[in-house]
Each structure stands twice: as C-alpha cells, then as structure tokens.
Amino acid sequence: MSSEPALNDFAVDYKYGFSMPETGVIKAEKGLSEQVVRQISAAKGEPKWMLEYRLRAYETFRKLPMPHWGAYLSDIDFDDIYYYVKPTEEQTTSWEDLPDEIRTTYDRLGIPEAEKKFLAGVGAQYDSEVVYHNIRKDLEQKGVLFSDPESAVREHPEIVKKYFGTVIPYNDNKFAALNTAVWSGGSFIYVPPGVKVDIPLQAYFRVNTKSFGQFERTLIIVDEGAFVHYIEGCTAPTFTKDSLHSAVVEIVALPGARVRYSTVQNWSNNMYNLVTKRAFAYENATMEWVDGNIGSKVTMKYPAVFLMGEGAHGEVLSIAFANKGQEQDTGAKILHFASNTSSVVTAKSISRSGGVSSYRGLIKAGPGLKNIRSKVECDALLLDETAKTNTYPVMDIQTDDVSMEHEAKVSKISEDQLLYLMSRGISEEEAGSMIVNGFIDPLVKQLPMEYAIELNRLIELEMEGSVG
Amino acid sequence: MSLNTPAFTGWPKEPEWMKAFRARARAEATDQPWPHRRVEEWHRTDVTGFQFENRQPLPAQQGAVKAGSPLEGFSGYLKSDGATVTVWLSPALTEQGVQLLPLGDVILGKGVAKPDALDAVFSEMLRQVDNKVPALHAALLGSGVFLSVPAQVVIEAPLLIELTEAQQDSLSSPHVVINAGRASQFQVVLRRSSSEAPLTVNSGMQLLLDEGAVVTLVDVQEYGSQTAWVDHSQARLGRDAQLFHWSAQLGGRLVKTDLALNLEGEGASLKTHGLYFAVQDQHKDIRVVQNHRAPNTSSYALYKGAVRDRSRTVFQGLIEVAPQAPRTDAYLSNKNLVLTDGARADSLPQLKIDTNDVKCSHGSTTGKVNEDEVFYLMSRGFSRAEARLLIAEGLFADLIAEAPEFLRQDIEGYVVRALGAP
C-alpha cells in the first residue's frame, strides 16, 4: 500500500485516508486542454453531440471568471490535476470481478455489506469511472433505470438528450462548465410513472489517484407520481497535494413525484469540493436535499430547488462540521417560480479549532405569484473561541402574497447543559458529544438508520478532544 | 466628473493640515474604482443612478452664518439651507464649552482652540474608504456640522440640526461630526431635506462617543422626490458608552446608506431602530453593521419597512463579532411589508462570528397585510382601504412612538401616504 505522509494534524481519525497502488488502464496527461477533453470523449466512444457539448463547455470554462465570493480558491492549480483516470477495462455487476486493490477498498468502506443489507441498487465509482453497478431485479423489471451516465448516453439517448444540461446549463458557473467539459461517471436514474422505489439507491464515490479531479455527472428523472431516495457517499485518500471534486447533479421531479437526495460527504482534508446541485420540481412534486458535509478542505455547495409548478414543495436539510483547516461554505437556494409553493430550509453547522462554517442561501419569489410560503432556520454551534461562523442569507421577494421567515442563531455549548450531564456522572467529553448529537438530531433523523449511525459516528470522531 | 473642478481646492485659506487631507482624499478619489455590482454591498444598487457625472460639485463655501434666536423646546440648533447657516445655542451650554458650529468654521479655526484635532477624525474616515464614492465625499467635504459636548455635560432638551439642499443638479458633500465627551449625555435630532430639483447628496457622519457617554440620535430623511442620496457614516463607542440611534427613511428617489456602528470599548451598548417606506419608483438600499470589537458589548437592531407600487427596498444588516469580543450579545430583526404586487423587498441579514462565547441571532420576515385581520375590521364597519391602513400602521406603531413628539405628526403623514390606498 502506498503511503503518503498522513496529515495527522487534522486527519487523526480519518480512517478512509488510505490509498491503493494505481492500477488504471488509461491515465490522461496532467492538465486541461482540448486534447484531454477529446481523449475523455473518445475513451467513452461518445456520440458527436456529446463531444461538441463538452468542447463548448470547455471554451466557456476558460472564459468564465472564478467566483469572486465564498471560499479562497486561488490555490487550485488547474494544470496540476489529472482529469481522467480509467481504473478498469469493464464495468461489472459482481464485486468478485474487480481487481484486488479496488475490491479491498470497497470492502474496507463497507459498501458490498451495505448493499446486501439495505440498498436497492449500488453504483461504485473509482476515480473517473463507475467500476461496479447493480440494481435489484424487481426494480429493473418495473422499468427503473439506474446506471452510470455513459451507459445512459448509449442506451437511452432520448432521455439524456431531453434533460442533460437543462437544469444546470454548461455555462451556469465556472465549475459547472468544467464538469460539463470533462465529466466522467456519476449516476443516471429514471423512475417510471407511479413507481415507488421503497429502499434507497446508492452511489459511492472514491478517489484513489493523487492530484486527481473527479467530475461525476448525475441526472435523475423521476416521472409522475414516482418516488426515489438516492444516497451518495464519498471518501478519498489523504494526500499532501490537493484534489478536486466538482460534480454536477441535475434532478427533474415531474408532477406529483417525490425525490430525496441524501449526501454524506466525508472527503479527506485535502479535497476541494465544489459542486453544483439543482432540482426542478413541477406541479405537486416534492424535492428534498439532505446534505451532510463533514470532510473536505473547502466545500462550496448550495443545493437548489426551482419550484416550477403549483403545489411544489422544496426542502433542504443541511449539516456541516468545520474542523481545523476546513471551510464548509454551504447552504440552499429555493426559487419560487409558481404560485402555491412552499419551502423549508434547516441548516445546522458546527465549527471548532479555527474551522469556518458559512451558511449562504437564497429565497426568491417572483412577481405576481400567490400564496408563497418559506421558512429558513440556521443554527450555528461554536465549540471553542477560535471557531468561526458566517451567515449570508438573501431574501428577494417581489410579490405581496408571501409569508417568508428567516431565523439564525449562533451559540456555544451551554455550561448549564454540560454541568448537568457531568453531575450525572458523564465525562465532559461525552457530555459535549451528547449535546452536539442533540443539536444535529432533527436532521440525522431524516437519514436511514445505517447512515444516521454513520453520521453520528463521524461527528463523534470530529468531536474528539474538543472539550476540556 | 472632472477632478479639476474648483470645488476640490476647498476654502481659500484652508490650514495646511486640511490641504494635506484634501490632497490625500483626492488621490483616493482618483485611484479608487466606482463601487462595482460584483461587491455584495452594491449588488442591488447601480452607482450610475447617482449621476455623479452630471452634477456640479458645490464649492466649499457654505454661505453666510447668522445668529439665530432661541427656539422653544431645544437647547440649540443649526439650520443650513445651502445659502445661509443659522445657529443658536443656549448661553448656558456655550458657557459649559458645548460647541455647535458649521464644520467649515472649525476647519478654518474660527472659535476653536485645536482645529487640527479634526485631522485625526477625518483621517479615520478616510481609512474606511473602499471605493470612489466616500473618497469623493472626503475630497469635496465642504459643508456640515460640528457638535462637541465636553465631558460630564448633561443636556436636557435636544439639539436640532437641519440640513437642506436646494440647488438643481448640484452634488453636495455635507459632513457631520458629533463628539460626545466622557460621561456626557444629550440628544440630537437631525433632519435632512431638499427641494424638488434633481440633485445628489453624498454625505458622511462620524459619531464619536467617549467613555460612558449616552447619546440619542434621531435621523430623519425627508428629501424631495428627485434627490439621490448616498451616505457613509460611522459611530465609534468607547467603554460603557450607550447609543440610541433612531432613523426614518421617508423621502428621496434613490437612497444608499451605509452605517457602521463600531463597539470599540468594553461594555458599550447600542440600539438602532429604523423605519423605511418606498413608494412609486423609489429605491432604498440601507446597510447597518453592528461591529463588536470589545468584550461585553451589546447591540440591538430593529428595522421595519414597507414597499408598494414599483419601488424596491434592500435591507442589509450585518452582525460582526471579532475574536477579541467575547460575551457579545447581538440581535438584528428586519420586517418587511409588501403592500402591492411588483414591489420588491430584499432582506439580507448576515452574521460573521469569530468567537464562541456569544449570543447572536437575527430574524427576518417578509409578508403582506393579514387578510383575516382586514376581514375582522371590515366586519366592524371599516372600509377595506381603512382596514389595511390601520393594520399596516399598527406594524410601525412601536417605532413611531419612539420618535420625538414634535416629529410624530410629520412622520404619521408619511406613513399614511406610504401605506394608504392608491
């Protein structure tokens, strides 16, 4: 096993920081050029329209400025990144078929185990490609499509062409343009009308290569009255050099559909995680983002819901933990484009040891709309005097028939609560953990039990040594 | 606008320190860029609306200074209408060392022992400059007011300052300095008004509260419908100082104000309450910063606004807590009433917290007049318009009740015009 000097300082308990020897079958040259974009497209044997779309996005990426707000990104060296590493020749539906290094990785991450126990389908991405993909037979028979997007481009071009790039156009922002130019892997889901996928589908994103950029692309179409819960997890080795993860996730919830998208983001602390996520919710559809951000060096991610039809509802539940050296710049955007729409945003963040967590949000209601309701609640918990938090909400209301509420609170662990727990014989450290768990409990409850346990455990690890 | 206009040369006989200050301010005005929409603070207001290019900067001369006669209910006043400045101060206060003077007189050293003390005050203002607009204010500084209340002096009746702009197509740059000595106590009412001619006011204010000073400032803006107003103001609160700031943004066409309330001394506290109305095509962008830079400081901000027609308001509130300000207690509340469809109220309450032993929160609501309440009042015989007005007025009643009595009727007149049926 190759071993980079561990960044012990702030990755003491990051148990996913290991890396495996590189076994990739294709590794594009370092840096970004039109040549690399063409090489990625060729490696996938793509149709011409997709290549042309990539090239247009590449030109746009070169022209667009870096965001002038949010986290400090100037240290990202776009020329010092590998944009495409293909780990295996073929995708498989059996864990046994994977090379040892890769299978061992997923075993250590517990993915095959989880699939057996409580998942309806799993996609596993290793660097640039999805190496394993499987879905329960009964769902397949009902017409549910769950694959990597490359397969969808080949097998269902009519659906991909109709929706790809419509929710998040290639020129939406610099990182969306980058993703569109070099996208590789991700998930494609289509749920036919009325089909309820009762247990979650999961994708797991693993980075193994040093100085690597992962650019997965996810497109989820949930047809009328259907339901799906999609979960993504992600980890990476701890390298001394920074990595980049820049995904684009597009979701279309057609009339009456409900989509829940849960993220447990646990990247290593050398990862720039700059992600664009957006959903369109049509008449009476419900879109829910459950967004947990524990890892990464810098995360900038603001899951968005565009409420396009009457009766649509959008919800964002967000948890962020910013430890030493981390900046979690997260939030939510809800744009009301139709009457009788409602939204709820609940954001909780925890900061310690100089970590910075910021809530950045937008609620917008256009003119002429009737009966718009929105409620935003932000809570920040600061564990020590060096912890930092910022709140930057924007409420842009252009109609008179609206009820919009926003509240934000900043607090520390209350001495009274600590003292009470300690008087009951609980150690200070445990008491601190209990209070933090109580703080995030309303959100953790929204996750399936296995993930809730995992998230609680991750937070406990982050909490170690935080009190006393 | 040419930086060579005579207005930049100041008064004919300016002292050396002022010449040097003006030169530095002018260099800033040359070097600094216009505020860009990319900067969050200016994202929603277009600086070209202030028409700096088409305005004629007023020269530093402030017109004749006349001695006024006593005014019932006040300890003193200064009224400037662009042509004449009228000043009266109760002799008892003059005796105690209180100074209420046209700012130009102080700069030129008339009746002040140490006029160059202003150099430090102005330099502090210049250090905050981060774009061309406040730099131009400093470079063109020509009229304004200087109020100084020595230590321990307690003034019962309020002091009144009235600043009126009248000249068509003019750019005026009035500056107000209020210096509250240690443990002094007083109230100031500042009324800003203008003619119906198109003109631009680029103003600034510095409130300096020494240890234990207790100051109330009532700031009422009643500009004409063609006035564009941009303002950069700061308050500095020393140890245990207390400020109550109350403001009403009633008139004007285009308004952009930025008020930084800096709690610099341990134990300082402040309350800032404001109401703003926008009708027709008015655009008002109001920013208030509660800046905690010392331990045990507290601040409370309450801003309520109403919009109608095609108007737009933007409220930007920021609570900022520095690492050296533990035990900060800060709250910000912003409430907006949208009276007609198509009017727009943006609310941006922000928190920037750099230490953990704090109590900080904010709340923001935007909504319409409650139809159930309208229905109830209509069942009691009120017309629909009357019912809506009553309810809307009710939302502002607490703030209006805090206004000085002599202003209340005027303010209520604005409220009825702003909230009433078209």
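Which residues does Ile251(A) touch, not counting residues up to four places away in sequence?

Modeller: The model is predicted, and local features need pLDDT of at least 70, side-chain atom pairs count only at pLDDT 80 or more, and totals for chains, interfaces and linings use all residues. Residues are numbered from 1 along each chain as its sequence is written, while chains are lettered from A and ligands numbered from 1 in the order in which they are written.

With residues up to four places away in sequence left out, Ile251(A) touches Val167(A), Ile220(A), Val259(A), Tyr261(A), Ala279(A) and Met287(A); contact requires C-beta atoms, placed from the backbone, within 7 Å. Ile251(A) belongs to the largest nonpolar core, a set of 256 residues. Such a core joins buried Ala, Val, Leu, Ile, Met, Phe, Trp, Tyr and Cys residues through C-beta atoms within 7 Å, where buried means 20 or more other C-beta atoms within 10 Å, exposed 12 or fewer, and partly exposed in between. Ile189(A), Val222(A), Ile251(A), Ala253(A), Val259(A), Ala281(A) and Leu209(B) touch the most other members. The greatest contribution to this core, seven residues, comes from strand 14 (residues 271-281) of chain A; strands are DSSP runs of E, at least two residues, and helices runs of H or I, at least four, numbered from the N terminus.

Elsewhere in chain A, helix 3 (residues 48-63) packs against helix 9 (residues 174-182) at about 145°, with the axes 7 Å apart. These axes are lines fitted to C-alpha atoms over the stretch in contact, and the angles run from 0 to 180 degrees between N-to-C directions. Tyr53(A), Arg54(A), Ala57(A), Tyr58(A), Thr60(A) and Phe61(A) of helix 3 meet Lys174(A), Ala177(A), Leu178(A), Thr180(A) and Ala181(A) of helix 9. By class, these residues comprise seven nonpolar, two polar and two charged (Ala, Val, Leu, Ile, Met, Phe, Trp, Tyr, Cys and Pro are nonpolar, Asp, Glu, Lys and Arg charged, and the others, Gly among them, polar).

Between the chains, 32 residues of chain A are in contact with 33 residues of chain B. On the chain A side, strand 23 (388-397) and strand 24 (402-412) are the elements that give two or more residues. That side holds 13 nonpolar, nine polar and 10 charged residues. Strand 23 of chain A runs antiparallel to strand 21 (residues 344-353) of chain B, joined by six bridges, where pairing requires at least two DSSP bridges. Within strand 21 of chain B, Ala345(B) stands opposite Ile397(A).

Technical notes:
Two residues are in contact if their C-beta atoms, placed from the backbone, lie within 7 Å.
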